[in-house]
Amino acid sequence: MDKPSNIKPPNIGPDVMDREELVTYPTEAFLSRDYLEEEKSKLWPKIWQMVERESDLPDPGDWMTYDVAEESIIILRKDNGSLKAFHNVCPHRGRQLVSVPDMLPGKVHDVRGNNRKNFICGFHGWTYDTDGKNIFILDPQDWDNKLTPEMTCLSEVKVDCWGGYIYINMDPDCIPLKEWMGRAGEILDHFELSKMHYKWRQWAIYDCNWKTAIEAFLEPYHVAGTHTQLLAYGNYYALSKQYGLHSVSSYDTRDEDLKMAESSGTTRAGKGLDPRVSTYELIKENYETVNFSASTETLVKAASRLVDELPKGTPPADVIAHWMASAKQDDAARGVIWPEIPPEIMAEAGLAWGLWPNQNILHGVTFALCYRVRPYGDDPNKCVFESYALERYPEGEEPETEWVYADPIAENWGSVLAQDFANMEFVQKGMKSSGFRGPLPNPHQEQKVINLHRNLANFMGRGEVRKIT
């Protein structure tokens, strides 16, 4: 692709994003098999990446596998309650300790089990304890007793937890997870994601690059063109900001005089002359068309009573305050206690966080709608797409869920997500056009997309984001 002569040298810094300057970047990150191959050494083994929720490994001996690119990792809950993680490979001849079939559509999402006391290689019987130490080798004397514990143990992987999630990092010299999460982690800690549980979780093999997929959920700028039915219920002007590796999007207001802290996230007044009515219509539409997520039944029911509980003419801010207080009281009555989030944190928290590189969390006080994407094999035109809803439940009433393969259609995902699917494949195809001169991301509303590529370029050493003047 020819580069315009007015593009300045790479790679932009956060100051360029803060000034909302025009930028572009090449399409190789989406289309190049060579780029996908380099991700296997320069990206995935060097970053903290989410594996699963801690609640998936509650008891000693519980274990599971996590695969990304060509890496397979085993994560195990030990007898003392701590977690261990190892590369899923026997150091003898390289056989996987746990056989993990490819993630074919409708087949295996991961392999997991419980009561694990050791790992035995199915090829020659070499055996390892839950610390990864080799405890059996057939005929060790044949190596002239030169095998050492360091030569025969499993290769350990860093493991840590944040927000109820299990994270791994294959880089032994990586920074701590807390440092990796930075300010994004500090803000989201207030929402106590660790106290939420799966409502549902689904996955699919989809026909686009993993970056194309995650970008579809990093910004609300597309709502006016993609989810046109939602425009009857709310305004979807947005902003986004970089926070180092991570970034946040928020609903914005074009008219400075109409801005208020309550308008940045999902719990906001809708479009219409009577905020009592429009708030309910907006939250109900979002909840029902996004697979009964991005809100809760408690919030929808509390909004449905606004007309009965408030007088006509109540200002939008007062409507929101009453709505939240009413829903909080309803939840408390059923055993769901809300976290106390300072107003300044709520305002900064916005709508949704892009946790670099492959997660997005749309969060509320008692819920979250989340996405994760991974490459699928060696095909830059396919990805593993995962979405799940989290919610707070009364103790003991958390639903039992598992990963369900779901074809990307409205019957499985809801109409809004189906509309997103209807774009992603054709963005992937369109970027291959010789007539496509390169992305022109909105510097105010699509900073999360820009920040994805800015940080990718720093890790990959290619695909730099450049200013356009």
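**Reading the features**

Analyst: In the hairpin formed by S17 and S18, 2 residues lie between the strands, and Gly 377 takes a positive phi near 60°. This is a predicted model, in which local features need pLDDT of at least 70 and side-chain atom pairs count only at pLDDT 80 or more, while totals for chains, interfaces and linings use all residues. Residues are numbered from 1 along each chain as its sequence is written, and side-chain values use heavy atoms, with hydrogens and water left out.

User: How many bridges join S17 to S18, and in which sense do the strands run?

Analyst: Helices (H or I, at least four residues) and strands (E, at least two) are DSSP runs, numbered from the N terminus. Two strands pair if DSSP finds at least two bridges between them. Here S17 (residues 367-376) runs antiparallel to S18, joined by 10 bridges; Leu 369 has Ala 389 as its bridge partner in S18. Strand S12 (residues 197-206) is also antiparallel to S18, with 9 bridges, and Arg 201 is partnered by Tyr 388.

User: How many residues of S18 are buried?

Analyst: Buried means under 20% relative accessible area, exposed over 50%, and partly exposed in between (1.4 Å probe, protein chains only). S18 (residues 379-391) is mostly covered, with 11 of its 13 residues buried.

User: What do the end C-alpha atoms of H5 show about its span?

Analyst: The expected span of a helix is 1.5 Å times one less than its number of residues. H5 (residues 177-189) has 13 residues, yet its end C-alpha atoms are only 13 Å apart, whereas a straight helix would reach 18 Å. H5 bends by about 80° at Arg 183, the bend being the angle between axes fitted to the seven residues ending there and the seven starting there. Among the buried residues of H5 are Trp 180, Met 181 and Ala 184.

User: Which strands pair with S3?

Analyst: S3 (residues 63-68) pairs with S4 (residues 71-77) in the antiparallel sense over 6 bridges. S3 also runs antiparallel to S6 (residues 112-113), with 2 bridges.
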